[in-house]
Amino acid sequence: MAQIEEFVIGALSTSCAGFFTNPLEVVKTRMQLQGELKARGKYTVHYRNALHAFYTIAKQDGFIKLQNGLVPAIWYQMTMNGFRLGTYQVITNNGLTKDKNGDVVIYKSIGAGAFSGCVGAFMGSPFYMVKTHLQSQSVQQIAVGYQHDHQGMMGAFRTVYSEGGILGLWRGVSAAMSRVMVGSAVQLTTFSKAKEAIAKKEVFPKGSAFVSLCASTISGVVVTCFMTPFDVVSTRIYNQGLDAQGKGLLYRGVLDCYLKIFREEGLWGFYKGWGPSFLRLVPHTMLSLLFWDQLRDAYCRFKGGNV
């Protein structure tokens, strides 16, 4: 398969998944910002859990607000995962993740996943920042975190550019790269190994979509456990307001964010929004990897080639 086609398939598969899981992303973002740098019991709890957050947002903001940030979210999925999955598959196609017998080597797969994740995170960072800003916007009664006064995706880009220039569009990219690097390495490695193991056991017929479905489900569970702390830090860094000098109002950088969350909120602070994150990541991982795998199979059958 041509390299450009790998990037297109990666973009299509994850943007399809992003449309269905964006409401959970909105809920997750709100819960991660709730009680920012405050100890438990010292702040108003607007969102008790994922289900209550759905109800509260629909009631106070309006049902349509559960799709806040959908446009930049789709662009983010297309850009970040197009480059991430495309880069990973190009590496795989060149045999760089396997041994001489054709079996997946864990440390090579982790390295390939981490590298491809960094590439994807860098390319998609501006869309992720705007998506976070828009998803956190709400009426004052249930507002959490810094409230950015953007009017849609293009308005957000204009504001961010006017405040920080072209470099301002990549503010927070270091947090995003560590987030996606860990998530990508875990996701793609567990998916590859699980798919390989399931196929060898011949639990399902050869070429069955259930092989990809089971492997992506396993991958989604593992990703949630490893990725959530990095996800919380990334959300906080991206969403914070800026002072007159363009510096963050709360965090000087990624390490400062980790230290402040741990000092003020404790270890649990890193797992805020774990419920909706799990509910989002598992189906998102399942859908994106399933779409990715099936689109590649379909394309290869159409071209008469091999996966």
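Predicted model: local features only at pLDDT ≥ 70, side-chain atom pairs only at ≥ 80, totals over all residues.
## Salt bridges

Side chains of opposite charge can pair when their charged atoms come close. In this model the count comes to twelve salt bridges. One of them joins Lys131 and Glu25, whose closest N and O atoms are 2.6 Å apart. Lys131 belongs to helix H4 (residues 106–136) and Glu25 to helix H1 (residues 3–33), so this pair ties together parts that are 106 residues apart in sequence. Both partners are hidden from the surface: Lys131 is buried, and Glu25 is buried as well.

A further salt bridge links Glu265 with Lys272, with 2.8 Å between the closest N and O atoms. Glu265 has a relative accessible area of 12% and is therefore buried, because the limit for a buried residue is under 20%. Lys272 is also buried, at 7%. Elsewhere, salt bridges that share partners join Glu25, Lys28, Lys131, Arg179 and Asp231 into one network.

The pair of Asp256 and Arg252 shows a contrast between its partners. Their side chains meet in a salt bridge at 3.6 Å, N to O. Asp256 is buried, with a relative accessible area of 11%, whereas Arg252 counts as exposed at 74% relative accessibility.

| Salt bridge | Closest N and O atoms |
|---|---|
| Lys131 and Glu25 | 2.6 Å |
| Glu265 and Lys272 | 2.8 Å |

## Aromatic rings

A pair of aromatic rings is described by the distance of the centres and the angle of the planes. A search of the whole structure finds nine aromatic pairs. In one of them, the rings of Phe204 and Phe210 have centres 5.6 Å apart and planes at 25°, so the pair is stacked; the reason is that planes under 30 degrees apart count as stacked. Phe204 is partly exposed, with a relative accessible area of 27%, and Phe210 is partly exposed at 48%.

The rings of Trp274 and Phe278 are also stacked, because their centres lie 5.3 Å apart and their planes meet at 10°. Both residues lie in helix H9 (residues 274–303), where they are four residues apart, about one turn of the helix. Trp274 is partly exposed at 32% relative accessible area, and Phe278 is partly exposed at 27%.

Three further aromatic residues, Trp75, Phe127 and Phe157, form one aromatic cluster. An aromatic ring can also be found beside a charged residue already discussed: Lys131 lies over the face of Tyr128, at 4.1 Å from the ring centre.

## A nonpolar patch on the surface

Val8, Leu12 and Leu295 form a nonpolar patch on the surface, and together they have about 230 Å² of accessible area. Leu12 is in helix H1 and counts as partly exposed, at 41% relative accessibility.

## Selected residues in helices and loops

Thr132 lies in helix H4 and is buried, with a relative accessible area of 0%. Leaving aside residues up to four places away in sequence, Thr132 touches Thr29, Thr235, Tyr238 and Asn239.

Val105 is placed in the loop between helix H3 (70–93) and H4. At 15% relative accessibility, Val105 counts as buried. Its contacts, again without residues up to four places away in sequence, are with Thr97, Lys98 and Asp99. Val105 and Lys193 are 88 residues apart in sequence, while their C-alpha atoms are 8.7 Å apart in space.

Most residues other than glycine have a negative phi. Leu37, although it is not a glycine, has a positive phi of about 55°. Leu37 lies in the loop between H1 and helix H2 (50–60) and counts as buried, at 18% relative accessibility. Glu202 is likewise a residue other than glycine with a positive phi, near 55°. The place of Glu202 is the loop between helix H6 (173–201) and helix H7 (209–239). At 66% relative accessibility, Glu202 counts as exposed.

Note on methods: Residues numbered from 1 in each chain as written. Heavy atoms only, no water. Salt bridge = Lys/Arg side-chain N within 4 Å of Asp/Glu carboxyl O. Helix = DSSP H or I, 4+ residues; strand = E, 2+ residues; numbered from the N terminus. Buried < 20%, exposed > 50% of the residue type's maximum accessible area, 1.4 Å probe, protein only. Patch = residues over 30% accessible without salt bridge, like charges linked within 9 Å, V, L, I, M, F, W, Y side chains within 5 Å. Areas by Shrake-Rupley, 256 points an atom, 1.4 Å probe, with all protein chains shown as cover. Phe/Tyr/Trp six-rings, centres within 6.5 Å; stacked < 30°, edge-to-face > 60°. Lys NZ or Arg CZ within 6 Å of the ring centre and 35° of its normal. Contact = heavy atoms within 4.5 Å.
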